[in-house]
Amino acid sequence: MNEMISGVGEPVVTDATKGGGSNAARIAEVKAWLAAQFDAAGKEVPDFEYTPRSIAHLYNLATVSQAKTQAANIVANDFRQKAAEYRSQAARIREILENVGLAQESLPSNVVASAQVLANVANLLNIRDTELSSFLVAMGDISLRKTGVDEKRAKVHKESKTLLEYTRKAIARLTYLKRTLAQLEDDVAPCDAQMENWKTNLGVMASKERQYKQQYNNYKALLNRVGYTPEINHGVLVEMAEHRKDLEKKTKPILDTLRSYQDLPPDKALAALAIEDKKRQYAAAEKYLEDVLQSALATSD
């Protein structure tokens with residue numbers, strides 16, 4: 001159960017935040033810090049619920065804030081002390097100048113203006129006195145800073161030139177790409193027409209391919225019907241043709257002899273003997289032709 005703490009502007013504290021003296025101390029410190037901060041701003045602390053997470057976060061903020069406030073107070077006190085010392089020193093110097101007759105009211109206006117300019121330059125250069133050495137050191141520091149700035153400017157100028165050159169090249173490249181794009185766009189219509197032509201030709205070629213495949217199948221079926229086998233190739237046919245020519249050369253005398261039978265002698269016995277001899281020669285030639293054909297087929301297998 002949450003327990004409301006009485007009082008205007010005080011937050012709600014949960015039971016989880018009451019687990020020990022350290023938590024209670026942290027809550028008290030955080031409440032005091034919040035009250036101080038809101039009082040300084042002229043406002044009241046708003047109501048909210050304390051949780052372990054919010055306590056830890058606010059406690060860390062309070063610690064850091066107090067440390068920074070303490071450091072700022074130390075620096076401010078130091079500045080106040082230095083300002084008091086500077087005012088005291090200025091009063092002594094003013095008194096000395098008045099005693100020797102060099103009060104500001106008695107000095108010419110141009111001298112007062114020069115002193116004011118000198119003081120302004122000293123303030124601008126962030127030096128504590130107006131001695132020449134201080135001015136020289138300050139001017140040397142400014143010169144070094146100016147040199148550094150000039151170097152940085154030269155570097156930036158060089159980089160800007162490089163970037164400008166890259167930009168010019170990029171613009172030229174962009175222009176070239178635009179021209180190329182325009183040219184390609186102009187070539188789209190002719191290319192489309194050529195593509196359509198190619199598609200038409202491709203369709204025709206596909207049709208021709210189907211036709212040639214059908215013709216091939218028809219020729220193959222025809223060759224199968226006539227008994228053509230792959231063993232009967234061109235080389236075998238050429239070899240058989242050569243053997244045929246040889247056989248024709250060998251059988252030509254026999255044929256010539258047979259044709260000359262009409263010139264046989266009238267003796268029938270001699271004619272019968274001659275006919276039987278020619279028959280034997282013809283049978284031997286046929287047997288030789290068969291042997292050659294069989295050997296040629298066996299070689300092709």
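The following legends describe close-up views of a predicted model of one protein chain.

**View 1. Overall arrangement of the protein chain.** The secondary structure of the chain consists of 6 helices and 3 strands. The chain has 301 residues, of which 11% count as buried. Where contacts link residues at least 6 apart in sequence, 51% of them join residues at least 24 apart.

**View 2. The largest nonpolar core.** Nine positions form this core: Ile 27, Val 30, Trp 33, Leu 34, Val 45, Tyr 50, Ile 55, Leu 58 and Ala 62. At least two of its residues come from each of helix H1 (21–40) and helix H2 (52–99). H1 makes the greatest contribution, giving 4 residues. In soluble globular proteins, nonpolar side chains tend to be buried together.

**View 3. Surroundings of Val 30.** Val 30 is one of the residues of the largest nonpolar core. Apart from neighbours within four places in sequence, its contacts are Tyr 50, Ile 55, Leu 58 and Tyr 59. Tyr 50, Ile 55 and Leu 58 also belong to the core.

**View 4. Helix H2 and the residue that follows.** Helix H2 comprises 48 residues, and the distance from its first C-alpha to its last is 70 Å. This span is close to the 70 Å expected at 1.5 Å a residue. The buried residues of H2 include Ser 54, Ile 55, Leu 58, Ala 62 and Ser 65. Among them, Ile 55, Leu 58 and Ala 62 are part of the largest nonpolar core. Just after H2, Gly 101 adopts a positive phi of about 85 degrees.

View 5. Helix H3 covers residues 109–125, and its 17 residues should span 24 Å at 1.5 Å a residue. The end C-alpha atoms of H3 are 24 Å apart, so the model agrees with this expectation. Asn 126 follows H3 and has a positive phi, near 60 degrees.

**View 6. Val 137 in helix H4.** Val 137 is located in helix H4, which runs over residues 132–225. Its relative accessibility is 61%, and Val 137 therefore counts as exposed, the cut-off for that class being over 50%. Leu 125 and Val 137 are separated by 12 residues in sequence, and their C-alpha atoms are 9.6 Å apart in space.

**View 7. The second largest pocket.** This pocket has a volume of about 160 Å³. Its lining consists of Arg 244, Leu 247, Glu 248, Thr 251, Leu 255, Tyr 282, Ala 285, Glu 286 and Leu 289. Helix H5 (234–259) and helix H6 (268–300) each supply at least two of the lining residues. H5 gives the most, with 5 residues. By residue class, the lining divides into 5 nonpolar, 1 polar and 3 charged residues. Rolling a probe the size of a water molecule over the atoms shows where empty space is left.

Terms used:
Residues numbered from 1 in each chain as written. Predicted model: local features only at pLDDT ≥ 70, side-chain atom pairs only at ≥ 80, totals over all residues. Heavy atoms only, no water. Core = buried A, V, L, I, M, F, W, Y, C linked by side-chain atoms within 4.5 Å. Buried < 20%, exposed > 50% of the residue type's maximum accessible area, 1.4 Å probe, protein only. Contact = heavy atoms within 4.5 Å. Expected span 1.5 Å × (residues − 1). 1 Å grid on protein atoms, 1.4 Å probe; cavity = no way out; pocket = protein on both sides within 12 Å on 5 of 7 lines; lining within 4 Å. Points joined across faces, edges and corners; volume = space filled by probe spheres on them. Nonpolar A, V, L, I, M, F, W, Y, C, P; charged D, E, K, R; others polar.
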